[in-house]
Amino acid sequence: MQLDRALNAYLRHITIERGLSEHSIAAYRRDLNGYVDWLAAQDIETTDAITQAVVAAFIAERSAADPPPAATSLARLQSSVRGWHRFLAREGIDQDDPTGRLRPPKTPRRLPKALTIEQVEQLLAAPSPDEPLGIRDRALLELLYATGARVSEAVSLDVDDLAYGDVLRLRGKGDKERIVPMGSYARAAVDAYLTRVRPSLAAKGKATARLFLGARGAPLSRQSAWLVIRAAAESAQITAEVSPHTLRHSFATHLLQGGADVRVVQELLGHASVATTQIYTHVSVDTLRDIYATSHPRAR
């Protein structure tokens, strides 16, 4: 099959059938566009002309670039190339998978950066309780720390996702849903925002079911949520690096420090890697709620 047609078929597959996020699809497209351009420069026009030697030459050239790519970037590139060729072989477009013997580079294991419980409390207390946007920001921060939600998951929440009492429905990567408990601190902060602030924000914009709204009534964006976190960190005079993932890492770290089982934490975080989920046991919502209540510092 022609390179461009094969690439477009794969991108449709990961978009429609696998339901990957826009960010992931953009990364695959960027990596594979570079790969296809390189193949074309080698006078390779069809996918069945790609051999193990060709793939190895591409990876070797990318590895020898100046400056050299980070191990994580090279691993992602290899994953993109491997995923494409596996798709072509599985669909019968190509007879063989030339990446069968390709091995990913070793990447350094990095410990997630987490705040202390005291730093988290300072961060959560930073937004002004007397200003409408301060009430909204407090609700957002409390929810992120209480549930371990990704920022993208939090800003994608609808008001109806709160209609489960003391648990919350989150939609993660691949549009997979999971139910997580939400402690009383977060619930109180979100309720205050819903009753005192959201109605006036919603009146400024078009009707939307999104939970968190901006100053003009539009759904809060990921970038705006990041600015909320950064502003709170500056206000709380936290010198440690605070990123959009900081509260998620802190959530997991503090649960484990509180005695939560690592399998429960993985369930709460919504990790979907086959390599990890195969070793997990089924955890019921009741078990999640009970362990969360005894382990999370702001569950009660």
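Tyrosine 10 is tucked away in this predicted model: with a relative accessible area of 2%, tyrosine 10 falls under the 20% cut-off, so it counts as buried. Tyrosine 10 also has a ring partner, phenylalanine 87, and that makes a handy way into the aromatic side chains.

**Aromatic rings**

- How many aromatic pairs does a search of the whole structure find? The search turns up six.
- One of them joins tyrosine 10 and phenylalanine 87, with 5.4 Å from centre to centre and 50 degrees between the planes, so the pair is called tilted, the label for angles from 30 to 60 degrees.
- This pair links distant parts of the chain: tyrosine 10 belongs to helix α1 (residues 3-17) and phenylalanine 87 to helix α4 (residues 71-90), 77 residues apart.
- Phenylalanine 87 is buried as well, because its relative accessible area is 5%.
- Another pair, tyrosine 35 with tryptophan 84, is edge-to-face: the centres are 5.8 Å apart and the planes make an angle of 90 degrees.
- Here, too, distant parts of the chain are linked, since tyrosine 35 sits in helix α2 (residues 22-41) and tryptophan 84 in helix α4, 49 residues apart.
- Ring pairs tie Tyr35, Trp38, Phe58 and Trp84 together into a cluster.
- A ring can also have a charge over it: arginine 298 lies over the face of tyrosine 185, 4.2 Å from the ring centre.

**Helix α8**

- Helix α8 (residues 184-196) has 13 residues, and at 1.5 Å a residue they should span 18 Å; the end C-alpha atoms are 18 Å apart, so the two agree.
- Which residues of α8 are buried? They are Ala186, Ala189, Val190 and Tyr193.
- In general, an α-helix has 3.6 residues a turn, so residues three or four places apart point the same way.
- Thr195 and Arg196 are exposed residues on the face of α8 turned away from its buried side.
- What covers the buried residues includes α6 and α9 (198-202).

**Glycine 134 and serine 128**

- Glycine 134 is part of helix α6 (residues 132-147), and it counts as buried because its relative accessibility is 7%.
- Leaving out residues up to four places away in sequence, glycine 134 touches Pro127 and Ser128.
- Glycine 134 and alanine 9 are 125 residues apart along the chain, and their C-alpha atoms are separated by 46 Å.
- Serine 128 is found in the loop between α5 (117-125) and α6, and with 25% relative accessibility it counts as partly exposed.
- Setting aside neighbours within four places, serine 128 is in contact with Gly134 and Ile135.
- The side chain of serine 128 reaches the backbone nitrogen of aspartate 130 at 3.2 Å.
- Serine 128 and alanine 232 are 104 residues apart in sequence, but C-alpha to C-alpha they are 9.7 Å apart in space.

**Aspartate 158**

- Where does aspartate 158 sit? Its place is in the loop between α7 (151-155) and β1 (167-171).
- Aspartate 158 has 19% relative accessibility, and buried means under 20%, so it counts as buried.
- Beyond residues up to four places away in sequence, aspartate 158 touches Arg171, Ala209, Arg210 and Leu211.

Definitions and conventions: Residues numbered from 1 in each chain as written. Predicted model: local features only at pLDDT ≥ 70, side-chain atom pairs only at ≥ 80, totals over all residues. Heavy atoms only, no water. Helix = DSSP H or I, 4+ residues; strand = E, 2+ residues; numbered from the N terminus. Buried < 20%, exposed > 50% of the residue type's maximum accessible area, 1.4 Å probe, protein only. Contact = heavy atoms within 4.5 Å. Phe/Tyr/Trp six-rings, centres within 6.5 Å; stacked < 30°, edge-to-face > 60°. Lys NZ or Arg CZ within 6 Å of the ring centre and 35° of its normal. Polar contact = N/O pair within 3.5 Å; in protein donor to acceptor, adjacent residues only side chain to side chain. Expected span 1.5 Å × (residues − 1).
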